[in-house]
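Have the sequence and the model in view while you read along.

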Amino acid sequence: MAVPALAVAGGDALRKAPYPAWPTISGGDFERVRKVLETPGWGGSSPPVASFESLFAQYHDAAFGVAVSSGTMALELAMHALGIGKGDEVIVPAHSFIATATAVCRVGGVPVFVDIEADTYNIDPVRVAEGLSSATKAMIPVHFGGVMADMDRLGSVATDSGTVVIEDAAHAHGAEWFGTRAGGLGMIGTFSFQNSKAMTAGEGGIFITSDEGLAGKARSIADAGRLPDKGWFEHFEVGTNLRMTAMQAVLLGSQLERLQDQIRLRATNFGRFQRELEGVPGIDFQQAPPGATVQTRYIVPGRISESEFGTDRDRFVAAVQAEGVPVRPFYPHALYANPLFDRQPHRVLPCPVAEAGTRDSFWLPMNIFMGTRDDAADAARAMAKVHEAYKRSGSDKTNGSPAV
Ligand SMILES: Cc1ncc(COP(=O)(O)O)c(C=O)c1O
């Protein structure tokens, strides 16, 4: 049977229609923002911000929330609230967005990079234990792509070593570990509401905790060192201004109402995608540990085995993109390979899995799973088409070019 020519080699793209745009608004969003604009309270001390903070925190099984300007600031706030400072070590995964590590540097701490698990792409609890030292104060698991890190095993390491767990849940709004939501398992949870995130106000973030003392300290730091019931010009901490606006808070409240449906939609469509790819060798996707009972699929990482699939990750990405599916290569390097660490104190444990991921892994953005099941199946069909073409070119000995 003739193999259709790949779009990358001049054939027809399998998919011409774009995937659903993100972010989206609901019918009531303009009205919610308009109502805020008609009040004098647009800022961070307004009722909409307080109400979103408690709604979001409770939804994520925590008692208190402090809404801030970004996920990066939520992580830095966690460092300040815990009193992490000069020379204190914090264990972080070798792969994440840079803020997971630089939050530690920004308070004079030392990030300790450890490897991720090959199947979950999350921080490996065995490597976390190996990274402990007498200077370790905390660990920051990232629930990568919205699949929870193994909070039971990490929790045991933390308890045995007296280490605090800060969950970086920037990818994991609504994710669950045995029924408890992301951010509610560690001492502190932090989230991002940046433009691409599964809940967004363009920018924004939140710090959540069930520890009243930590919540009070974080709120004071984020609000110029003020204390509740004290004067506007009375300052009790070396604070700063991290406050979120009321316009952001009402948009996020609206998105929280839609979150569950969107998570379910992505789960259904991801299932359809996986079924369509059954039998295609050499391509594997992120696995969820048994405790990760709700996975949000904010991004879906996967890897290519060149020998089984028929081509390497870079050719795969280029060919699938040309078919109309917005797959992206994984991070170009592990976090510690960023130039800033040429001069910044840090420690690195061997990270062979993370290093391999820079060469063989890729990810799919969530909007592939936010249309119809057929939209999601198209992404799988494009991958199967690429495999067929390269498999044939391999057997025809055409020097690695796809069959056309
Ligand atoms: C894992 C992780 N942590 C933290 C952040 C920082 O969030 P923000 O962009 O809102 O500062 C991001 C954002 O990309 C992220 O992916």
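My entries follow, one topic at a time.

**Ground rules.** I am working with a predicted model, in which local features need pLDDT of at least 70, side-chain atom pairs count only at pLDDT 80 or more, and totals for chains, interfaces and linings use all residues. Residues are numbered from 1 along each chain as its sequence is written.

**Domains.** I began with the division of the chain: domain 1 is 7-16 + 259-395 and domain 2 is 29-255. These bounds come from an automatic or database domain assignment. I found 27 Å between the two domain centres, taken over C-alpha atoms. Across the boundary, 37 residues of domain 1 are in contact with 41 residues of domain 2; contact requires C-beta atoms, placed from the backbone, to lie within 7 Å. On the domain 1 side, α8, β11, β13 (347-348) and α11 (352-360) each supply at least two residues. I noted that this side divides into 23 nonpolar, 12 polar and 2 charged residues. For the classes, Ala, Val, Leu, Ile, Met, Phe, Trp, Tyr, Cys and Pro count as nonpolar, Asp, Glu, Lys and Arg as charged, and the others, Gly among them, as polar.

**Helix and strand names.** Both are DSSP runs numbered from the N terminus: helices are H or I with at least four residues, and strands are E with at least two.

**Two sheets.** Strands pair if DSSP finds at least two bridges between them. I traced an open sheet of 8 strands in the order β1-β9-β8-β5-β4-β2-β3-β13, with mixed pairing. Its edges are β1 (64-68) and β13, each with a single partner strand, so one side of each has no neighbour in the sheet. Inside it, β2 (residues 89-93) and β4 (residues 136-139) pair in the parallel sense over 3 bridges, and V90 has A138 in β4 as its bridge partner.

The other open sheet I traced has 4 strands, β10-β11-β14-β12, and its pairing is antiparallel. Here β10 (283-285) and β12 (328-329) are the edge strands with a single partner each, so one side of each is left without a neighbour. I saw β10 pair with β11 (residues 299-304) over 3 bridges, with I283 opposite I304.

**Ligand.** I listed 14 residues around the ligand, the closest being G71, T72, F97, A170 and S192; a residue is near if its C-beta atom, placed from the backbone, lies within 6 Å. Helices α3 (71-82) and α4 (99-106) each supply at least two shell residues. By class, the shell has 4 nonpolar, 9 polar and 1 charged residues.

Most residues other than glycine have a negative phi, and most peptide bonds are trans. W22 and P23 are joined by a cis peptide bond, omega about 0 degrees, and P23 lies in the segment before α1 (29-37). Y121 has a positive phi near 65 degrees, and I found Y121 in the loop between β3 (110-114) and α5 (125-131).

Technical notes
Two residues are in contact if their C-beta atoms, placed from the backbone, lie within 7 Å.
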